[in-house]
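Dear colleague,

I am handing over the structure below, and after it you will find what came out of going through it. Please read the notes with the coordinates open beside you.

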Amino acid sequence: RDQFNWRRRSNHPGNSQAKGPYILTLERELFSPKEQISQAKRQRGLMRVNMETKKTSLNNLHQRNQAKFVEFAGYEMPIQYSKGIIEEHKFTRKHSGIFDVSHMGQLFIYGGEKLTIELEKIFPLDLKNLKQNSSKYSFLMNEEAGIYDDLIITKIEEGYLIILNAACKENDFQILSKLLGGNFKMILENERALVALQGPRSVEILNSVLNGVEKLNFMTGKWIDFKNQRLFVTRSGYTGEDGFEISILNNFAEEFTQKLIDKGAQLVGLGARDTLRLEAGLCLYGHELDINKTPVEANLKWAISKERLSNGGFVGSEKIMNQIQGGTSQIRVGIKPEGRLIAREKTKIFKETDKQIGEITSGTFGPSINGPIAMGYVDKEFSKIDTKILLEVRGKKYPANICELPFYKKNYVKGVN
């Protein structure tokens with residue numbers, strides 16, 4: 001879900017001669033730090049200047065483990081460690097990877113039934129029937145259903161906890177404050193870290209530290225007291241694997257994360273987080289999602305509660321209803337290039353040699369399937385599975401096929417209780 005809000009090297013024609021190494025990150029190809037240019041204009045037309053790069057409370061831990069860093073949404077973040085992105089990816093699929101996602105926003109909104117009523121006017125969710133400590137994936141939209149951000153919202157005893165993308169969190173806070181009219185206490189936490197533990201052995205490892213987490217179902221969470229600390233743990237993540245996200249005070253985050261390492265988990269950077277999410281067919285804000293895309297166009301209608309589809313009443317609902325009834329001109333699809341070609345963001349998609357029908361939004365090598373994968377938007381009439389298409393890379397067109405998503409079968413754990 002993260003958007004990278006910075007200095008990038010794109011794969012556009014003409015950039016192939018740029019000097020210096022580049023790093024494939026969660027969403028962009030970057031020049032080495034010396035070649036990074038000043039902050040680019042954000043997609044929503046806002047201009048930001050990062051006066052100082054922030055560091056998460058796990059920065060020292062990353063440095064001790066030989067992390068390679070990039071600037072990400074104003075934070076110094078680990079892109080990879082000594083073993084590299086592919087090995088980190090494979091380790092997460094087979095074992096358990098630790099991701100520092102402390103840069104993301106943890107927004108606590110406090111209130112009762114009245115807050116639920118007001119939030120239902122904003123989000124396309126049936127929050128009144130959402131059980132306490134249960135989570136839902138959703139969107140913050142404008143009136144035209146353009147997506148400001150995608151997010152995870154959890155109903156807690158005190159109100160709601162909303163996890164926001166790093167590059168969007170400050171703007172999201174302002175939008176929500178305005179929509180809620182200042183009638184509820186809102187705290188965008190900067191005293192808490194967020195650690196994601198992902199992979200098939202995550203439950204075994206975390207349960208050895210926090211007894212009882214194995215009883216959590218997918219997309220549920222709870223407060224847990226541990227060593228005089230209060231942690232909020234959800235069974236969730238963005239890799240396609242079973243896993244957990246742990247919200248923890250900054251001054252205890254490094255000690256806690258080291259315990260997970262001592263139990264056998266390994267630190268994993270943002271590079272592998274991107275390849276993992278892409279294999280799982282999960283959207284990334286700033287690529288598959290932005291202010292010019294709607295949930296229907298992004299093929300995410302499933303994330304809108306059925307009750308809300310029938311009665312509307314949320315921001316962007318009229319546009320959503322119209323698109324569901326009348327269709328959209330383009331839609332998000334999975335794409336498999338033939339051979340070993342990797343088609344990056346902005347690669348043009350053709351049906352015939354002269355007819356452009358869309359554009360790639362994310363593309364990489366999928367270590368788990370040993371081949372190139374991509375997602376993008378194509379004209380609706382060409383979105384059928386197995387449709388043959390052409391991808392234009394460096395002036396030449398290469399064959400590819402529309403395919404089902406995800407590329408890699410998700411391993412979420414449901415029905416524990």
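Predicted model: local features only at pLDDT ≥ 70, side-chain atom pairs only at ≥ 80, totals over all residues.

Residues are numbered from 1 along each chain as its sequence is written, and side-chain values use heavy atoms, with hydrogens and water left out.

**The sheet around strand 14**

On its other pairing, strand 14 meets strand 13 in the antiparallel sense over six bridges, and F226 has Q229 of strand 14 as its bridge partner. Strand 13 and strand 14 form a hairpin with two residues between them, and K227 in the turn has a positive phi of about 50 degrees. Five of the six residues of strand 14 are buried, so this strand is largely enclosed by the rest of the structure; buried means under 20% relative accessible area, exposed means over 50%, and partly exposed lies in between, with a 1.4 Å probe and protein chains only.

These strands belong to an open sheet of six strands, in the order 13-14-15-12-6-16 and with mixed pairing. Strand 13 (221-226) and strand 16 (266-267) stand at the edges with a single partner strand each, so one side of each is left without a neighbour in the sheet. Strand 16 runs parallel to strand 6 (residues 97-100), to which two bridges join it, and Q266 in strand 16 is the bridge partner of G97.

**Helix 5**

Helix 5 (residues 202-209) lies across strand 12 (192-198), strand 13, strand 14 (229-234) and strand 15 (243-249), and runs at about 35 degrees to strand 15; axes are lines fitted to C-alpha atoms, for helices over the stretch in contact, and angles run from 0 to 180 degrees between N-to-C directions. Six of the eight residues of helix 5 are buried, namely S202, V203, I205, L206, N207 and V209. What covers them includes strand 12, strand 13, strand 14, strand 15 and helix 6 (250-262), where contact means heavy atoms within 4.5 Å.

**Pocket and cavities**

The largest pocket holds about 1100 Å³ of space. Of the 46 residues that line the largest pocket, K136, Y137, F218, M219 and W302 are the closest to its centre. On a 1 Å grid over the protein atoms alone, a pocket is an open set of points with protein on both sides within 12 Å along at least five of seven lines, a cavity is a set where a 1.4 Å probe fits but cannot get out, and lining residues have an atom within 4 Å of a point. Grid points are joined across faces, edges and corners, and a volume is the space filled by probe spheres set on the points.

By class, the lining of the largest pocket has 23 nonpolar, 15 polar and eight charged residues, where Ala, Val, Leu, Ile, Met, Phe, Trp, Tyr, Cys and Pro count as nonpolar, Asp, Glu, Lys and Arg as charged, and the others, Gly among them, as polar. Strand 8 gives the most to this lining, with three residues.

A search of the whole structure finds two cavities of 30 Å³ or more. The second largest cavity, with a volume of about 30 Å³, is lined by residues including F99, A196, E245 and R273.

Strand 7 (residues 105-110) and strand 11 run antiparallel and are joined by four bridges, with F108 opposite I187 in strand 11.

S368 is found in the loop between strand 19 (355-366) and strand 20 (371-379), and is partly exposed, with a relative accessible area of 30%. S368 and K90 are 278 residues apart in sequence and 6.8 Å apart in space, C-alpha to C-alpha.

With best regards

Terms used. Pairing = 2+ DSSP bridges.
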